[in-house]
Amino acid sequence: MSQSTAITGNVAEGTRGRSASKWVVAGFWISTAVFALQMGFTVYAQLKLPQVAEEFARLGYPGYFRVELSWMKVAGLAALLVSQVPAWLKEWAYAGFAITLVSAVIAHVAVGEPPVASMWAVMTAVLWSASYFFWRRMRVAGAAESGREL
């Protein structure tokens, strides 16, 4: 088993031996690690920082939603980072993060804030996009090499 296959488990299965796939695997892990760090910080901020709790209240969200959202982010990050998690569950995690990020932008715009207020959500969405792009590339490469359909 090659190093890249060992690291990514069943996701990059069959992609060894091609230099382009090493870049895809590296791109996936780099973008996913930075995305996970950013999301991890938001979990910490939502659970521990009073000014973040105040911001959620100002945006019109109930207090329990902030806690619920934080734990769902932790579950989603676990799904993305653990290679043994089935692909269908990773897809749902990516979908959940997409909904969360789009909702964050909508919430800021809905209360009349300038676009710059949504910049953290937009920048995090760029990281999300890179992670998802590379994850899909690894899945396609693995499926093509093994002759199976996605």
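The structure is a predicted model. The protein chain contains six helices and zero strands, and its pattern along the sequence reads α-α-α-α-α-α. Of the 150 residues in the protein chain, 36% are buried. The accessible surface of the chain amounts to about 8700 Å², and carbon and sulfur atoms account for 70% of that surface. Contacts between residues at least 6 apart in sequence were also examined; 63% of these contacts join residues at least 24 apart.

Helix α5 spans residues 87-110 and comprises 24 residues. From its first C-alpha to its last, helix α5 reaches 34 Å, which is close to the 34 Å expected at 1.5 Å a residue. The buried residues of α5 are Lys-90, Ala-93, Tyr-94, Phe-97, Leu-101, Ala-107 and His-108. In general, an α-helix has 3.6 residues a turn, so residues three or four places apart point the same way. In this list of buried positions, such a spacing can be followed from Lys-90 to Ala-93 or Tyr-94, and on to Phe-97 and Leu-101. After α5 comes Gly-112, which has a positive phi, near 85 degrees.

The structure contains eleven aromatic pairs. One of them joins Tyr-61 and Phe-65. The ring centres of Tyr-61 and Phe-65 lie 4.9 Å apart, with 20 degrees between the planes, and the pair is stacked. Tyr-61 has a relative accessibility of 27% and therefore counts as partly exposed. Phe-65, also at 27% relative accessibility, counts as partly exposed as well.

A further pair is formed by Tyr-94 and Trp-128, whose ring centres are 6.3 Å apart. Because the planes of these two rings stand at 75 degrees, the pair is edge-to-face. Tyr-94 belongs to helix α5 and Trp-128 to helix α6 (residues 119-146). The two residues are 34 residues apart, and their pair thus links distant parts of the chain. Both Tyr-94 and Trp-128 are buried, whereas Tyr-61 is partly exposed and Phe-65 is partly exposed. The pairing of rings extends beyond these two residues: Tyr-94, Trp-128, Tyr-132 and Trp-135 are linked by ring pairs into a cluster.

Terms used: Residues numbered from 1 in each chain as written. Predicted model: local features only at pLDDT ≥ 70, side-chain atom pairs only at ≥ 80, totals over all residues. Heavy atoms only, no water. Helix = DSSP H or I, 4+ residues; strand = E, 2+ residues; numbered from the N terminus. Expected span 1.5 Å × (residues − 1). Buried < 20%, exposed > 50% of the residue type's maximum accessible area, 1.4 Å probe, protein only. Phe/Tyr/Trp six-rings, centres within 6.5 Å; stacked < 30°, edge-to-face > 60°. Contact = heavy atoms within 4.5 Å. Areas by Shrake-Rupley, 256 points an atom, 1.4 Å probe, with all protein chains shown as cover.
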